[in-house]
Amino acid sequence: CGKLLAQRDDHSIDVDIVQAVRSSGSILKPALYACMLQSGFILPGTLVPDIPSRFGSYSPSNFNRDFKGVVPARQALAQSLNIPFVRLLKDYSYARFYDDLKQLGIRSLNRDADHYGLSLILGGAETSLWDICNLYGGMSAVLNHYNDRDGQYFDGEYSRLKVWEEYSGAEGQDEEEKNISADRSVLKASAIWQTMKALEEVERPEMESGWKNFVSAMNLAWKTGTSFGFRDAWAVGVNPEYVIGVWVGNADGEGRPGLVGVRAAAPVLFEVAGLLPVNRHFYEPAEEMKEVVVCHRSGYRASAYCEETDTIRVCAAGDEPDGCGRGGKGERECKQPPYAVNGQRNPLPLNNASAAVCAEVLTGICCDACAQRYPRHMEQFGQAAAADLSGDFGQLMELAGKYAVLKVRANADT
């Protein structure tokens with residue numbers, strides 16, 4: 001409930017936790033993912049580096065302090081990886097995302113974009129449970145209205161929440177909805193659809209084994225978040241009929257070890273969701289989707305370098321060269337084989353002479369110079385991993401993460 005009443009002798013105190021602003025943790029990542037899909041910066045399978053990274057004085061880390069080398073963008077969202085999303089925000093521009101968030105119902109951004117910088121995506125900005133529910137509920141409303149109203153868009157989608165009392169006397173009545181043109185909608189139904197599909201694959205570690213079937217039965221897209229210092233644990237879930245938001249923490253901002261979204265807030269989310277009926281499902285906005293051919297290895301648009309390709313359906317607006325007027329990069333293609341060194345494909349012997357298997361190689365940027373720059377560390381790496389991987393891309397990505405750690409150690413030594 002929004003107001004908690006505490007009795008003290010002759011007076012009471014109202015604490016409105018629902019409207020209180022708290023650190024957002026990772027809860028805004030789906031909004032960035034959707035914006036970048038729509039603007040053509042990424043496709044769902046586009047590989048994003050997950051390696052030790054520094055952006056000026058800002059050095060983010062993943063929650064588990066591990067690195068995966070490279071990951072598809074949709075997997076980075078499902079696993080809530082921090083470093084890939086800071087890299088994505090850098091590509092997209094934090095100032096642009098700041099403006100998008102304001103249009104998506106996040107009202108608490110009362111300082112300029114430069115104050116938040118790249119930390120905007122990792123809890124640097126505060127928000128409220130109310131605004132988060134407006135954001136996720138608004139995304140659901142846009143997708144529902146597109147499919148139910150023949151592709152129409154409406155104003156006010158991200159400000160639909162009302163306190164129960166405000167509906168008193170207006171039972172069965174809806175506010176008049178104002179049509180807007182599709183290009184005035186901050187997010188298209190197609191970008192939202194692809195984001196919801198990624199959120200249906202969110203991993204839920206240390207929970208019951210049958211949770212995926214449970215989530216599928218509820219058609220629930222969900223996300224958790226944890227703020228720095230374990231002060232705030234978030235969980236939000238949405239389907240075509242409901243949005244459920246959960247915040248767990250201390251009102252005075254005191255942190256507690258173990259106050260993590262997936263452990264503290266997610267169980268409450270799923271307990272509530274299990275009590276609600278499920279009568280509807282999200283549907284693909286077919287008219288806004290198009291088929292494109294992508295590289296099976298890198299997830300980018302296919303080029304002549306790609307030996308294996310896949311045909312996938314993507315947001316049509318995001319495929320336009322100018323991102324539908326929003327300055328996107330919809331024509332990105334593989335520039336060279338994404339796992340090549342000096343233009344040569346696997347099999348790639350991982351010895352000290354050719355051990356430049358790192359995240360930059362896997363994402364299409366040849367970095368054979370890495371082996372020459374850090375010979376001592378590359379020799380150690382090569383001796384530990386000398387093998388012919390023969391195209392085992394999963395193992396290559398794992399090794400890329402190990403190599404990235406060696407590269408950071410080498411930097412520390414120089």
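A contact, as the word is used here, means heavy atoms within 4.5 Å. By that criterion, and not counting residues up to four places away in sequence, F97 touches L28, A31, L32, L89, Y92, L120 and I121. The model is predicted, with local features needing pLDDT of at least 70 and side-chain atom pairs counting only at pLDDT 80 or more, while totals for chains, interfaces and linings use all residues. Residues are numbered from 1 along each chain as its sequence is written, and side-chain values use heavy atoms, with hydrogens and water left out.

The protein has 13 helices and 13 strands, where helices (H or I, at least four residues) and strands (E, at least two) are DSSP runs numbered from the N terminus. Of its 414 residues, 51% are buried, a term that stands for under 20% relative accessible area, with exposed meaning over 50% and partly exposed the range in between (1.4 Å probe, protein chains only). Among contacts with a separation of 6 or more, 68% join residues 24 or more positions apart.

F97 belongs to the residues with the most contacts inside the largest nonpolar core, together with L32, L120 and L187, and this core has 79 residues. Helix 6 (residues 129-148) supplies the largest share of the core, 10 residues. A nonpolar core is here a set of buried Ala, Val, Leu, Ile, Met, Phe, Trp, Tyr and Cys residues joined through side-chain atoms within 4.5 Å.

Helix 3 (residues 82-92) is mostly covered, since eight of its 11 residues are buried, namely N82, I83, P84, F85, V86, L88, L89 and Y92. The cover over these buried residues includes helix 1 (29-39), strand 4 (47-50), strand 5 (69-72), helix 2 and helix 4 (94-103). In the loop between helix 3 and helix 4 lies S93, which has a positive phi of about 95° although it is not a glycine; S93 counts as partly exposed because its relative accessibility is 29%. A positive phi, of about 55°, is also found at F230, again not a glycine, in the loop between strand 9 and strand 10 (232-238).

Helix 2 (73-78), strand 9 (221-226) and helix 9 (261-273) are the elements that give two or more residues to the lining, and strand 9 gives the most, with four. The lining of the second largest pocket comprises 13 nonpolar, 19 polar and seven charged residues, where Ala, Val, Leu, Ile, Met, Phe, Trp, Tyr, Cys and Pro count as nonpolar, Asp, Glu, Lys and Arg as charged, and the others, Gly among them, as polar.

The structure also holds three cavities of 30 Å³ or more, and the second largest cavity has a volume of about 50 Å³. Its lining consists of M218, L220, N239, Y242, I244, A273, L276 and V278, which by class gives seven nonpolar, one polar and no charged residues.

Note on methods. On a 1 Å grid over the protein atoms alone, a cavity is a set of points where a 1.4 Å probe fits but cannot get out, and a pocket is an open set with protein on both sides within 12 Å along at least five of seven lines; lining residues have an atom within 4 Å of a point. Grid points are joined across faces, edges and corners, and a volume is the space filled by probe spheres set on the points.
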